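Let's take a walk through this protein together, one region at a time. Keep the 3D view open and follow along as we go.

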Amino acid sequence: MNFLTNEKLVIVGAGGMIGSNMAQTAMMMKLTPNICLYDVYEPGLKGVVEEMYHCGFEGVNLTWTTDPETAFTDAKYIISSGGAPRKEGMTREDLLKGNCQIAEDFGKNVKKYCPDVKHVVVIFNPADLTGLVVLLHSGLKPSQVTTLAALDSTRLQSAIAKECGVPQSSVKGAHTFGGHGEQMAVFASKVTVDGKPFTEILGNEISAERWAEMKVEVIQGGSNIIKLRGRSSFQSPAYNSVCMIAASMGGEKFEWPAGCYVNNEKFQNVMMAMPTVIDATGVHYGEICGTEEEMAALEKSYRHLQNMRDEIISLGIIPAVADWKTVNPNL
């Protein structure tokens, strides 16, 4: 069997819908034969493991545990969906305190049991903050921790494709940056549809009013899934996050926007969606370019991220920014 690597992949929160989909996707993509499923809820985890066994994947040494030391020891790659899910009527920010405390424990487990881990993908909400907490408490380098942000961009791509009546792959350059979810900044100035600039379609085939509605639909894409299915998204975040970890294993580069730690002249000490590439050396981000309106939306999103970061500082989940290097010298 040809796998990308033989090194250990840990899926945290494997007893849930996202985690179980990640496990199946990772095995279908043949990432590694060495997969450990971890969850604190044993009955759900056992059920997932039984289902994975019943799939009959060849060559996979699938293990499972409710013990963090067993799970994290010798791990080289980790994907975590191990937070509380969002329910109807909730925003990602409603999950702030509880999931950030889970993220703190997760980061400390990484530091204690697998400090030589190569890459960690954090996808439980609010990912901009849970990823930041994990990065801080794990002691890892910023290039080693990413968060799921691509879902906002794929939803934008999908919305434009449906509106224009073209295959989704015909839409290029559909990206959102800044915060994940309701606080995203939608960038459409560089989008093309079948090679045609989207800016030429706006105002002609798509009215300004309809475009405004589409952006709201994209921003509320996750909420809409909850209304339609009665639960939070699980297939799309699972697939995208496995593609991210596959890229860090040396697979196909992941070039959708990812959440990463940013500290430059424009944006300081936040985890946010950027133009990124994930490869075997980690995550690397470039500069964001857009119209005046798009950059203003990005600035608003960035300020929201700052405010939420300052809130978890006030809650004592993470120390003041000035003290971060005492917790993680890589920041």
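## A hairpin to start with

Start with Ile278: its bridge partner in strand 15 is Val283. What you're looking at comes from a predicted model. Strand 14 covers residues 276-279 and strand 15 covers residues 282-285, and four bridges join the two, which run antiparallel. Strand 14 and strand 15 make a hairpin, with two residues between them.

Here's a handy bit of background for looking at strands. In a regular strand, side chains alternate between the two faces of the sheet.

Now hop over to an open sheet built from three strands, in the order 7-10-11, with antiparallel pairing. Strand 7 (171-172) and strand 11 (196-197) sit at the edges with a single partner strand each, so one side of each has no neighbour in the sheet.

## Two nonpolar cores

Next, the inside. The largest nonpolar core has 84 residues, and those with the most contacts inside it include Leu9, Leu37, Phe72 and Met272. Which helix gives this core its largest share? That's helix 10 (residues 235-248), which supplies seven residues. Apart from this core lies another one, of 18 residues, among them Val186, Val191, Phe198 and Ile206.

Phe106 is also among the residues with the most contacts inside the largest core. If you leave aside neighbours within four places in sequence, Phe106 is in contact with Val12, Phe72, Ile78, Ser80, Val120, Val122 and Val134.

## Helix 6 and its two partners

Helix 6 (residues 150-164) packs with helix 10 at an angle of about 115°, and their axes are 10 Å apart. The crossing of these two helices is right-handed. Ala150, Leu151 and Thr154 in helix 6 meet Ser236, Pro237 and Asn240 in helix 10. Sort the contact by class and you get three nonpolar, three polar and no charged residues.

Helix 6 meets helix 8 (residues 208-219) too: their axes come within 9 Å and cross at roughly 140°. The crossing of helix 6 and helix 8 is right-handed. On the helix 6 side you'll find Asp152, Arg155, Leu156, Ala159, Ile160 and Glu163, which meet Arg210, Trp211, Met214 and Val218 in helix 8. By class, the contact of helix 6 with helix 8 has six nonpolar, no polar and four charged residues.

## Two residues to look up

Is Thr5 buried or exposed? Its relative accessible area is 11%, and buried means under 20%, so Thr5 counts as buried. You'll find Thr5 in the segment before strand 1 (9-12). Not counting residues up to four places away in sequence, Thr5 touches Leu31, Thr32, Pro33, Tyr77 and Met249.

Asn21 has its place in helix 1 (residues 17-28). Asn21 is buried as well, with a relative accessible area of 15%. Which residues does Asn21 touch, not counting those up to four places away in sequence? They are Phe234, Gln235 and Ala238.

Methods:
Residues are numbered from 1 along each chain as its sequence is written. This is a predicted model: local features need pLDDT of at least 70, side-chain atom pairs count only at pLDDT 80 or more; totals for chains, interfaces and linings use all residues. Side-chain values use heavy atoms; hydrogens and water are left out. Two strands pair if DSSP finds at least two bridges between them. A nonpolar core is a set of buried Ala, Val, Leu, Ile, Met, Phe, Trp, Tyr and Cys residues joined through side-chain atoms within 4.5 Å. Buried means under 20% relative accessible area, exposed over 50%, partly exposed in between (1.4 Å probe, protein chains only). Contact means heavy atoms within 4.5 Å. Axes are lines fitted to C-alpha atoms, for helices over the stretch in contact, and angles run from 0 to 180 degrees between N-to-C directions. A crossing is left-handed if the near helix is turned anticlockwise from the far one by less than a right angle, and right-handed if clockwise. Ala, Val, Leu, Ile, Met, Phe, Trp, Tyr, Cys and Pro count as nonpolar, Asp, Glu, Lys and Arg as charged, and the others, Gly among them, as polar.
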